[in-house]
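Let's take a walk through this fold together, one piece at a time. Have the structure open beside you as you read.

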Amino acid sequence: MPATHTVTRLSADDLHAEADGLAELLADAVEGGDSLGFLAPFDQEQAAAWWLAQRAAVEEGGLAVWAARSTEGVVGTVGLALSAKPNARHRAEVVKLMVRRDARGRGLARLLLATAEQAAADAGVELLLLDTETGSAAENLYLSAGWTRFGIVPDYAAEPGGRLRDCSFYFKRLT
């Protein structure tokens with residue numbers, strides 16, 4: 001991966017300051033058909049509003065967000081959602097891993113995933129979970145990074161065009 005990429009954890013203030021770049025990334029991913037919880041049409045204004053709504057969770061520590069930047073701005077992101085439940089503090093969920101379409105194929109998703117995994121381990125998390133569209137390119141990443149698929153739920157979520165898709169669920173033990 002080129003040395004021009006930097007990955008940094010965003011504070012709540014950073015999230016606000018980076019909202020436009022993060023919104024551009026999210027809108028690009030949804031436009032490209034990535035199943036991230038949004039339906040088309042989905043524009044940058046809606047994407048920015050979604051990112052700004054995450055500010056409280058980041059401020060409270062329930063959500064950690066990293067942004068990957070290049071000379072072109074924000075090109076990738078990943079989140080780590082920590083559980084507030086007393087019986088679940090040993091686990092967390094990797095969420096919203098995305099790379100701008102014109103920046104894919106350079107190892108950036110792998111770097112972002114490793115960043116979230118390391119931060120989870122540093123926080124004492126022992127078990128990570130995530131889900132992704134079955135048959136997506138992301139599945140190859142997760143399998144090659146040591147994640148275990150534990151199930152597929154048919155018609156779990158709609159892709160941006162509205163068609164229901166199967167979803168694969170993964171876990172990874174960090175200890």
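**Walking through the sheet and its helices**

Strand E4 (residues 91-99) and strand E5 (residues 127-133) run parallel and are joined by 3 bridges; two strands pair here if DSSP finds at least two bridges between them. Helices (H or I, at least four residues) and strands (E, at least two) are DSSP runs, numbered from the N terminus. Within this pairing, alanine 92 stands opposite leucine 128 in E5. To get from E4 to E5, the chain crosses through helix H5 (residues 108-122), and this β-α-β crossover is right-handed. Right-handed here means that, with the strands pointing away from the viewer, the path from the first strand over the helix to the second runs clockwise.

A word on the model before going on: it is predicted, so local features need pLDDT of at least 70 and side-chain atom pairs count only at pLDDT 80 or more, while totals for chains, interfaces and linings use all residues. Residues are numbered from 1 along each chain as its sequence is written, and side-chain values use heavy atoms, with hydrogens and water left out.

Now look to the other neighbour of E4. Strand E3 (residues 73-82) is joined to E4 by 6 bridges, and these two run antiparallel. Threonine 77 stands opposite methionine 98 in E4. E4 also holds lysine 96, whose phi is near 50°, a positive value in a residue other than glycine.

Where do these strands sit in the whole sheet? The sheet is open, has 7 strands in the order E1-E2-E3-E4-E5-E7-E6, and its pairing is mixed. Strand E1 (6-10) and strand E6 (148-158) stand at the edges with a single partner strand each, so one side of each is left without a neighbour in the sheet. On average, neighbouring strands of this sheet are turned by 25° against each other, direction ignored. For such angles, axes are lines fitted to C-alpha atoms, for helices over the stretch in contact, and angles run from 0 to 180 degrees between N-to-C directions.

Valine 153 has cysteine 167 in E7 as its bridge partner, and alanine 158 has leucine 164 in E7. E6 and E7 form a hairpin with 5 residues between them, and glycine 162 in the turn has a positive phi of about 100°.

Next come the helices. Helix H6 (residues 137-144) and H5 have axes that come within 11 Å and cross at roughly 50°. That makes H5 oblique to H6, since angles under 35 degrees count as roughly parallel, over 145 as roughly antiparallel, 65 to 115 as roughly perpendicular and the rest as oblique. Their crossing is right-handed: a crossing is left-handed if the near helix is turned anticlockwise from the far one by less than a right angle, and right-handed if clockwise. Ala109, Arg110 and Leu113 of H5 make the contact with Leu141, Tyr142 and Ser144 of H6, where contact means heavy atoms within 4.5 Å. H6 also lies across E4, E5, E6 and E7, running at about 155° to E5.

The axes of helix H2 (19-31) and helix H3 (44-53) come within 8 Å and cross at roughly 120°. H2 and H3 are therefore oblique to each other, and H2 passes H3 in a right-handed crossing. Residues of H2 in this contact include Leu22 and Leu26, and those of H3 include Trp50 and Trp51. In the loop between H2 and H3 you will find proline 41, which a cis peptide bond joins to alanine 40, with omega about 0°.
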